[in-house]
Amino acid sequence: MNPNLLLTNTHPALRRCWHPVARSTEVRSTEPLRATLLGVPLVLFRSGGRVACFVDRCPHRHAPLSLGTCDGGMLQCAYHGWRFDGTGRCVALPALGEGAAIPSQARLLPVGAVEERSGMVFVAPETPVAPLGKILESEDPEFEAGELPPIRARASAGLLADNFLDMAHFPFVHRGTFGADESAEVEPYEVTRQGWSFIARREHAFANREDPGVAQGIRPLVQSRRLTYRLDAPFHLQLRIDFVEAGGTNVIGFFLQPETDESCRVYTTLWRNDLGGDADAMAVAIKFEVEVLEEDLRVQEAYDQLSLPLDPRAEVHTRADRSTLELRRLLGDLVEAVIES
Ligand code: FES
Ligand SMILES: [Fe+2]
């Protein structure tokens with residue numbers, strides 16, 4: 001592998017991957033939405049309930065279509081009023097009058113694939129080499145979802161994925177939230193690769209201060225929790241936390257949209273089966289998770305080089321870094337697979 005290989009946010013191999021571009025609720029039939037992915041502006045709108053996504057450039061004079069309007073499943077350009085349907089075909093061209101022949105090149109530039117899943121819209125700019133990740137709990141009625149507001153950060157998607165998988169930073173970066181009780185030592189854990197995904201499993205002791213059973217004397221303060229991390233290439237992440245003694249499962253979904261070499265949009269969603277429909281408790285959980293994310297971003301936004309080194313020789317790794325080393329291997333393999341295909 002090239003020792004200088006760095007995965008920037010706009011690396012060409014990422015065009016053959018799935019990426020989030022919006023929350024489902026952000027894409028409407030009444031107005032177009034602009035999103036940026038891998039340095040390319042996109043326009044999204046709903047047509048017949050389905051999400052339509054194209055390069056945000058009118059075929060006529062290249063005006064941004066996201067300046068336009070939407071109705072009846074059609075997108076109308078703000079400049080000369082050309083109208084396009086959900087397939088990207090031009091269906092009306094006002095300057096030529098009613099019934100005029102429409103040039104066949106008057107079509108919007110499509111993306112490779114679009115899919116809605118887990119309350120998000122995902123796009124692959126070109127035919128993807130790796131499948132789109134899935135969060136089983138997002139389809140399980142026992143779990144309720146809580147969405148953090150999307151955050152734009154001056155950050156590398158690769159480094160943010162690295163940070164989500166990292167198990168050794170809690171007592172240092174998260175001292176102000178959950179890290180104070182965490183032990184600095186990371187006991188050995190296993191990492192299992194499955195195609196374009198991997199799973200890291202770890203079980204450890206922690207102080208369960210939120211468990212009412214502790215105050216009631218039913219359970220001890222120090223309990224165990226099982227952490228299951230999963231990455232689906234390139235930047236679709238989840239952490240499932242199972243509370244062994246107190247019961248209940250929390251899932252954190254973390255989805256990264258590489259916008260430009262300097263910018264990422266970060267989506268976090270919580271799925272929990274232990275809140276019993278308590279909206280206030282979910283609001284508290286979301287607020288806490290925002291604080292945790294801000295602690296992470298304070299470090300991530302300070303990096304001068306916004307890219308993930310893919311050559312394992314470029315950095316120093318220890319056994320506590322097995323999951324983040326696997327991230328580099330997997331994404332390195334992905335870049336090679338795209339180059340060879
Ligand atoms: S630039 Fe869009 S209609 Fe002319
Ligand atoms: Fe963190």
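Trainee: How many helices and strands are in the protein chain?

Mentor: This is a predicted model, and its protein chain has five helices and 20 strands. The radius of gyration is 22 Å, close to the 20 Å that the globule rule gives for 341 residues, so the chain is as compact as a globular protein of that length.

Trainee: What does the C-alpha trace span along its principal axes?

Mentor: The span is about 80 × 50 × 35 Å.

Trainee: Into which domains is the chain divided?

Mentor: There is domain 1, residues 19-124, and domain 2, residues 136-340. Their C-alpha centres lie 34 Å apart. Eleven residues from domain 1 and twelve residues from domain 2 take part in the contact.

Trainee: Which elements give two or more residues to the side of domain 1 that touches domain 2?

Mentor: Those are strand 2 and strand 3 (33-37). Strand 2 provides the largest share of that side, with four residues.

Trainee: Now the inside. What share of the residues is buried?

Mentor: To judge this, count neighbours: a residue is buried if 20 or more other C-beta atoms lie within 10 Å of its own. In this chain, buried residues make up 34% of the 341 residues.

Trainee: And which residues touch the most other members of the largest nonpolar core?

Mentor: That core has 71 residues, and the ones touching the most other members are Leu-42, Leu-44, Val-121, Val-123, Leu-160, Ala-161 and Leu-331. Helix 1 (residues 157-165) gives the most to this core, six residues. At least three residues come from each of domain 1 (19-124) and domain 2 (136-340).

Trainee: Let's turn to sheets. How do strands of a sheet pair?

Mentor: Strands pair through backbone hydrogen bonds, and the pairing is either parallel or antiparallel. Here, three strands form an open sheet in the order 2-11-10, with antiparallel pairing. Strand 2 (19-23) and strand 10 (113-117) are at the edges with a single partner strand each, so one side of each is left without a neighbour in the sheet. From one strand to the next, the twist averages 30 degrees.

Trainee: Over how many bridges do strand 2 and strand 11 pair?

Mentor: Strand 2 and strand 11 (residues 120-124) pair over four bridges, in the antiparallel sense. To find the place in your viewer, look for His-19, which stands opposite Val-123 in strand 11.

Trainee: In what order do the four strands of the other open sheet come?

Mentor: Their order is 6-7-8-9, and the pairing is antiparallel. The edges are strand 6 (69-71) and strand 9 (90-92); each has a single partner strand, so one side of each is left without a neighbour in the sheet. Strand 6 pairs with strand 7 (residues 74-76) over three bridges, and Cys-70 stands opposite Leu-75 in strand 7.

Trainee: What about the loops? Which residue has a positive phi although it is not a glycine?

Mentor: One of them is Leu-38, with a phi of about 55 degrees. Leu-38 lies in the loop between strand 3 and strand 4 (40-47). Another is His-62, whose phi is near 60 degrees, and His-62 is placed in the loop between strand 5 (50-55) and strand 6.

Trainee: Is Leu-38 buried or exposed? And His-62, buried or exposed?

Mentor: Count the C-beta atoms within 10 Å again. Leu-38 has 22 others, so Leu-38 is buried. His-62 has 11 others, so His-62 is exposed.

Trainee: Last one: is the peptide bond from Ala-233 to Pro-234 cis or trans?

Mentor: That bond is cis, with omega near 0 degrees. You will find Pro-234 in the loop between strand 16 (222-232) and strand 17 (236-243).

How values were computed:
Residues numbered from 1 in each chain as written. Chains lettered and ligands numbered in written order. Predicted model: local features only at pLDDT ≥ 70, side-chain atom pairs only at ≥ 80, totals over all residues. Core = buried A, V, L, I, M, F, W, Y, C linked by C-beta atoms within 7 Å. Buried ≥ 20, exposed ≤ 12 C-beta atoms within 10 Å, placed from the backbone. Domains from an automatic or database assignment. Rg over C-alpha atoms; globule rule 2.2 N^0.38 Å. Pairing = 2+ DSSP bridges. Axes fitted to C-alpha atoms, helices over the stretch in contact; angles between N-to-C directions. Contact = placed C-beta atoms within 7 Å.
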